[in-house]
Amino acid sequence: MARRLSRRSVARYAGDQLLAGVAVGEIMTLLAAYLVTEKQTKHAGLIIRDIEEYVAERGHVGATVTSAFALSEETLSELRKYIAEHTQATDISLHNEVDEKVLGGVKISLPGKELDQTIATQLTALKTRFKKA
Amino acid sequence: MTELSKELRSAIERLETGKELDEVGVILRVGDGVAWIHGLRKAGYSEVLQIETPEGIVEAFALNLLEDEIGAVLLGSDSAVKAGQTVRLKGEVLTVPVGPELLGRVVDALGRPIDGGAPIKTKTRGAVEREAIGVMGRKSVHEPLMTGIAAIDAMFPIGRGQRELIIGDRQTGKTALTIDTMINQAKQNTGVINVYVAIGQKRSKVARLVERLKQEGVLEQTIIVATSPADPASLLYIAPYAATAMGEYFRDNSGHALMIYDDLTKHAVAYRQMSLLLRRPPGREAYPGDVFYLHSRLLERSAKLSDELGGGSLTALPIIETQAGDISAYIPTNVISITDGQIFLETDLFYQGIRPAISAGLSVSRVGGAAQTSAVKSVSGNLKLGLSQFRELASFAQFGSDLDASTKSQIDRGQRLTELLKQPQYQPLSVWEQVASIMAITAGYFDTVAPAKIKDAQAALLTRLSTDHKKDMAELDKGAKPSEEIQKTIETTALAVAKGFKD
C-alpha cells in the first residue's frame, strides 16, 4: 500500500504548480480529486492554509487587516510597506476587514504570521496577567 | 485604590508592544489537557505556546513536533480552549522564578505562590529544562550531607552532590526520612537549602509537612514545590524540573541545596499519561520509550561543582514507591541504575518496630564513603556487615537451637545495635551524639545492658556527656576523628551509665 502523503507535501506540490503559472482551476480540480480518493476532504481547509503559507514564503502574501473602523488608503499603504519589510514579499494583496470587537488598533494576519495590536487583545493579556498575580 | 491603579498602569506599560510578526497557528482539536495545533513550523521542542481564549491566555508547551501538526500539553485548564483558537509562539522555553525570595514559600510547578502569601518577585528566572553540568565542571563528592539519622550517616553516608534513592513500599517512612534530613540541616546549621517537590501528593499531606517544618524552624530555608492529584498531568511532569531550576540557583551561586523528589513513581505515571494522550507508542508497563531519559536527565543535574565554578552542590534524594517490595519493577530499576545508591525501607522491619526500617542488606551508598565524616567513619567500620550478618543469624536463633559463643555474642551485639539505630521521628542526631552512641555498642561498653534498655541507656549517656563534657563533645561535633582523650571520656561515661542499666 502506498504511503499517504503528508498535508505539507501536497501543499508544496500545489504551491509549486501555482507559482509555475498553472491555472488555479486546474490545480484545484487535481487537489479535489486527491482529497476525495484519499478520504481527506475534511483536511481541505488545512491544505489551503498550508498552500498559502508555502506561497507566502516565496513572496506572494495574502494579508488581512482587521480594525474597528475602515482604514484610509494612506494607512493601508503604510501597512503594505510594513508587511513587505517584514516578510520580503514582492506581491502583497491586502484586505481590510472591519470588526468592532477589536475596539481599536489593528491586527495584521498573514499566512502563519500575525501582528495583533488591538485593544481587545491587550485587555485579554492584561486580564491574564492579573489572574496570574 | 491608588496602589491598584499604579499596579494597573505599570502592567499596561509592561505589556508587549513589540512590532515583530508573531508565528501563529490554530488549534485543531483539544482534549484531556492535550492540544493539537496546525502551523507553528518554527516551534522548538519544549517551547512555550500561548493560546488566546476568551478567558485569557492559556500557556502550553510543545512536546510532539510532527510534519503536519504539533502536540502540545496545556499548563492550565482546558475548559476554555477550543478548536479554531489562535496559538502564538512565545519564542522561549519554559522558565520559573528562582532566587532567595522563594525561601519559606510554597509554590506550584510554575513558581506561583499557593500559600496565600504575597506575590513572589524574583530578580531572575531559570530554565525548567537545562542541560546538566559537564565533566570538567564537576568535582568528586567529598563533603558530607548529614541526615541526622544514625543508621544512614553511619552505614550509607550521603555526600553533597550525590543522588541517593529512597525506595520502599507505601507507609514505610520514606517521606519521614527526608523530613528528618531537612530538619537536620536547620538544627546543625549546615547552610543547605531544602527544596521539597511534592509530585501529585495530597494537599493535606503538604499542609501537614509545611506545619511541621514551621514548628521545627526549617521552613525559612526551604522551598516547597507542590502539585496535587487535582492538577493537570503537565504540572506534575514539570514540577521536579522547575524545582531543580530553583535548587540550581543556589548551587550556581556557591551554595548547597538538597532536592527531595516525592515521588518519581507518580512523576513517571504523569508522564505516561501525557505520552499516551500524545499517541506515543507504549512500551513496558505502558511507559513510553524515553522514560529512562525522563529521570536520568533530571538527576544528572545534581552535582558537586568544581572550585572554578564556585564549589556549590545539588544533592538529590529521589523517592520511589514500590509495590509489595518489588524493586525489580521498571521504574525502580531505572532509578536505581541512575542514582549513586539506594536506601531500601522494608515493610516487615517497619511493623517489627524497627524505624527507620532500613534494610542493611539491600541499601548501599556508592560514593558517600569518601564524604563520610571522619568521626563517624572511625566508629562505624563494619557496622553494615555486622548488622546484615546479625539479621541472617537472627533467623536461625528463633529456632532455639544451641549456638556457639561467638554466634551468640554476634546476635547479642546485633540486637543492641538494632535497638540503638531505632530513632524517633523529628529527632535527628548530631555528629557527636552519633559517634558516642555507636561507640558505646561497637566497643562493647553497653554489653551488659539488656537490648530493651538500650535506648534509655543511650539517652542517659548523651545527657551525661552533654552536661559533663560539653567542650569535648563540641570538639567531636566538628567531625574530626575523636582523640584518645575523647574516646577515653566516652568509654568511662558509657561504662558508668551501663552499670545503672545492668540486667
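Which residue is the bridge partner of Asn194(B) in β13(B)? I looked it up, and Leu258(B) in β13(B) is the bridge partner of Asn194(B).

Ground rules before I go on. This is a predicted model, where local features need pLDDT of at least 70 and side-chain atom pairs count only at pLDDT 80 or more, while totals for chains, interfaces and linings use all residues. Residues are numbered from 1 along each chain as its sequence is written, with chains lettered from A and ligands numbered from 1 in the order in which they are written.

**Entry: β11 of chain B**

I take helices (H or I, at least four residues) and strands (E, at least two) as DSSP runs, numbered from the N terminus. Two strands pair if DSSP finds at least two bridges between them. I found β11(B) pairing in the parallel sense with β13 (residues 256-262) of chain B over seven bridges. β11(B) also pairs in the parallel sense with β12 (residues 222-226) of chain B, over five bridges. There, Val195(B) stands opposite Ile223(B).

I count a residue as buried if 20 or more other C-beta atoms lie within 10 Å of its own, exposed if 12 or fewer, and partly exposed in between, with C-beta atoms placed from the backbone. Seven of the seven residues of β11(B) (192-198) are buried, so the strand is largely enclosed by the rest of the structure. In a regular strand the side chains alternate between the two faces of the sheet. Here Val192(B), Asn194(B), Tyr196(B) and Ala198(B) point one way, and Ile193(B), Val195(B) and Val197(B) the other.

I also noted that β11(B), α4 (residues 203-216) of chain B and β12(B) make a right-handed β-α-β unit (clockwise from the first strand over the helix to the second, with the strands pointing away from the viewer).

**Entry: cores**

A nonpolar core is a set of buried Ala, Val, Leu, Ile, Met, Phe, Trp, Tyr and Cys residues joined through C-beta atoms within 7 Å. The largest one has 144 residues, and Val195(B), Val225(B) and Ala242(B) have the most contacts inside it. Helix α5 (residues 233-252) of chain B gives the most to this core, with 13 residues. I checked Ala242(B): leaving aside its neighbours within four places in sequence, its contacts (C-beta atoms, placed from the backbone, within 7 Å) include Val96(B), Leu110(B) and Val225(B).

**Entry: chain A**

I count five helices and four strands in chain A, running α-α-α-β-α-β-β-β-α from the N terminus on. Its radius of gyration is 18 Å, well over the 14 Å that the globule rule gives for 133 residues, so chain A is more spread out than a compact globule. (The radius is taken over C-alpha atoms, and the rule is 2.2 Å times the number of residues to the power 0.38.) Buried residues make up 23% of the 133.

**Entry: where A meets B**

The contact takes 21 residues from chain A and 17 residues from chain B. On the chain A side, α5(A) gives the most, with nine residues. I also see β4(A) and β1 (residues 22-31) of chain B pairing in the antiparallel sense over two bridges, with Asp22(B) as the bridge partner of Glu114(A).

**Entry: Thr175(B)**

Thr175(B) lies in α3 (residues 174-187) of chain B. Thr175(B) has 19 C-beta neighbours inside 10 Å, so I log it as partly exposed.

Terms used. Two residues are in contact if their C-beta atoms, placed from the backbone, lie within 7 Å.
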